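Dear colleague,

Please find below the structure I promised to hand over. My notes on it follow directly after.

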Amino acid sequence: MGRINLTNRIKHGVMMLFVVLGMVFVAPVAADEGGEGVREIRPPAGFDAGEVDISSAVKKHFDLTGKVNYKTDDRVVISDGNFKIAEDAKISSVSQGAYVGVKLNDRGEIVELKRLQSPR
């Protein structure tokens with residue numbers, strides 16, 4: 001009487017399998033119908049992650065931006081403006097046609113010349 005035959009064990013295992021599968025597949029479906037499921041996430045008002053105005057940040061840092069027309073050891077022509085390079089200037093490697101940002105000192109001399117990514 002204490003013995004359980006193989007057929008009863010198989011039946012018992014199959015029943016347990018159906019109980020577990022029922023919990024796994026039926027419970028999520030029931031949650032979706034109840035209205036308490038996952039809701040749509042709305043972005044905060046007044047924020048658009050797709051639009052960051054880098055040009056305004058560049059304009060705040062540099063006095064002017066433009067394309068290099070011509071460059072010598074002591075002068076640079078940028079967008080048809082002729083500028084002298086100050087003695088202690090930080091000049092990055094630029095060539096003719098490069099888009100650059102320029103910082104000027106009080107005398108109108110270039111103190112910083114940096115190659116930038118060309119605007120689209």
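Glu109 and Arg107 form a salt bridge, with their closest N and O atoms 3.0 Å apart. Please bear in mind that this is a predicted model.

Glu109 also meets the side chain of Lys84 in a salt bridge, at 3.9 Å from N to O. This pair links distant parts of the chain, 25 residues apart: Lys84 lies in strand E3, and Glu109 in the loop between strand E4 (99-104) and strand E5 (110-115). The structure holds two salt bridges, and Lys84, Arg107 and Glu109 are linked through them in a network.

The three residues may also be described by their accessibility. Glu109 has a relative accessibility of 12% and therefore counts as buried, the limit being under 20%. Arg107, at 66%, counts as exposed because its value is over 50%. Lys84 has a relative accessible area of 39% and is partly exposed.

Turning to the fold, five strands form a closed barrel in the order E1-E2-E3-E5-E4, and their pairing is mixed. On average, neighbouring strands of this sheet are turned by 60 degrees against each other, direction ignored. Strand E3, which carries Lys84, spans residues 81-91 and pairs with strand E2 (residues 75-78) in the antiparallel sense over four bridges. Where does Ile78 find its bridge partner in E3? The partner is Gly81.

With kind regards

How values were computed. Residues are numbered from 1 along each chain as its sequence is written. This is a predicted model: local features need pLDDT of at least 70, side-chain atom pairs count only at pLDDT 80 or more; totals for chains, interfaces and linings use all residues. Side-chain values use heavy atoms; hydrogens and water are left out. Two strands pair if DSSP finds at least two bridges between them. Helices (H or I, at least four residues) and strands (E, at least two) are DSSP runs, numbered from the N terminus. Axes are lines fitted to C-alpha atoms, for helices over the stretch in contact, and angles run from 0 to 180 degrees between N-to-C directions. A salt bridge is a side-chain nitrogen of Lys or Arg within 4 Å of a carboxyl oxygen of Asp or Glu. Buried means under 20% relative accessible area, exposed over 50%, partly exposed in between (1.4 Å probe, protein chains only).
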